[in-house]
Amino acid sequence: MATKAAKPAAKGADAAEAPPAKSKKMLFIIIGAVLVLAIGGAAAFMLMGGKSKKADEEHSEEKASSKVPVFVVIEPFVVNLQQENGDQFLQVALTLQVPNAETAETLKVFMPQVRSRLLMVLSSKKASELLTSEGKRNLTDEIIDQLGEPFAGGGKGPTITDVFYTSFVIQQQ
C-alpha cells in the first residue's frame, strides 16, 4: 500500500513542478515581446522623428530664406506714351518681386527681353490711364502677365509676385 500512496504523491509533485515551467515560458515570451516592441519603437523614432539638429537647422534656414522677398531692380527708362494732347513721356523705374533667387537669375539672364516687354506695355498706354491709382494697378497686372510669359521656346515663364514703382514721372511737352 505504501507504493500506492507514493504514486499519488508523485503525481502531486509532477503537478507542482509543471506550472513553474509554463510560467517561465510565458515570462520569456512576454520579455521577448516587450523587447521587440521597444526595439521597433526606437527604430521608428530614429527613422521618422529623430532628425539631427543639423537637419532641423537646415530646414528652418530653408523656410526662412523662402520667406525673405527677392527683388530684381529694373534700371530707369523713358518711353513715349500714346498721344492725347501733344507728346507725353513716362520716366519709370521699377522693381520686380519674385519668389526665389532662381527666378531673379532667370530675369537677369533675359533682361533685354524683360526691358523690351516693359517698353511695349508702357508705350501702349495713355497718360490719362496711368495717372490714377487704378490705372497703375492695372498696369501692374499687365506687367506681371507679360513678364510671366516664357522667354525661351516654350515651357513655363517666370513668376512675378509684385511690381513696385520706385520712380514714376509723366511729362508733357
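How many Å should the 15 residues of H6 span, and how far apart are its end C-alpha atoms? I took 1.5 Å a residue, which gives 21 Å, and the end C-alpha atoms are 21 Å apart, so the two agree. The expected span is 1.5 Å times one less than the number of residues.

**Ground rules.** I am reading a predicted model, where local features need pLDDT of at least 70, side-chain atom pairs count only at pLDDT 80 or more, and totals for chains, interfaces and linings use all residues. Residues are numbered from 1 along each chain as its sequence is written, and side-chain values use heavy atoms, with hydrogens and water left out.

**Overview.** I looked up the secondary structure and found 6 helices and 3 strands. Helices (H or I, at least four residues) and strands (E, at least two) are DSSP runs, numbered from the N terminus. Along the sequence the pattern reads α-α-β-β-α-α-α-α-β. Buried residues make up 21% of the 173 residues. Buried means under 20% relative accessible area, exposed over 50%, and partly exposed in between (1.4 Å probe, protein chains only). I then checked the contacts with a separation of 6 or more: 69% of them join residues 24 or more positions apart. A contact means heavy atoms within 4.5 Å. The accessible surface is about 12200 Å², and carbon and sulfur atoms hold 60% of that. Such areas come from the Shrake-Rupley method with a 1.4 Å probe, and for residues only the protein chains shown count as cover.

**The sheet.** I traced 3 strands in an open sheet, ordered S1-S2-S3, with antiparallel pairing. S1 and S3 (162-172) are the edge strands, as each pairs on one side only. The twist from one strand to the next averages 10°. Two strands pair if DSSP finds at least two bridges between them. S1 and S2 are joined by 9 bridges. I picked out Val73, whose bridge partner in S2 is Thr95. H6 packs on the sheet and touches S2 and S3; its direction makes about 120° with that of S3. For such angles, axes are lines fitted to C-alpha atoms, for helices over the stretch in contact, and angles run from 0 to 180 degrees between N-to-C directions.

**Back to H6.** Which residues of H6 are buried? I list Gly135, Leu139, Thr140, Ile143 and Leu147. Seen down the axis of H6, these buried residues fall within an arc of 145°, so they line one face of the helix. The arc is that of the directions from the helix axis to the C-beta atoms. The face turned away carries the exposed Glu134, Arg137 and Asp145. The cover over the buried residues of H6 includes S2, H4, H5 (127-130) and S3.

**H4.** I ran the length check here too: the 13 residues of H4 (residues 111-123) should span 18 Å, and the end C-alpha atoms agree at 18 Å apart. Met111, Val114, Arg117, Leu118, Val121 and Leu122 are buried. The buried residues of H4 pack against S1 (70-80), S2 (88-98), H3 (101-109) and H6 (133-147).

**A loop residue.** Is Asn85 buried or exposed? Asn85 sits in the loop between S1 and S2. I find Asn85 exposed, at a relative accessible area of 53%. Asn85 and Gln173 are 88 residues apart along the chain, yet their C-alpha atoms are separated by 8.9 Å.
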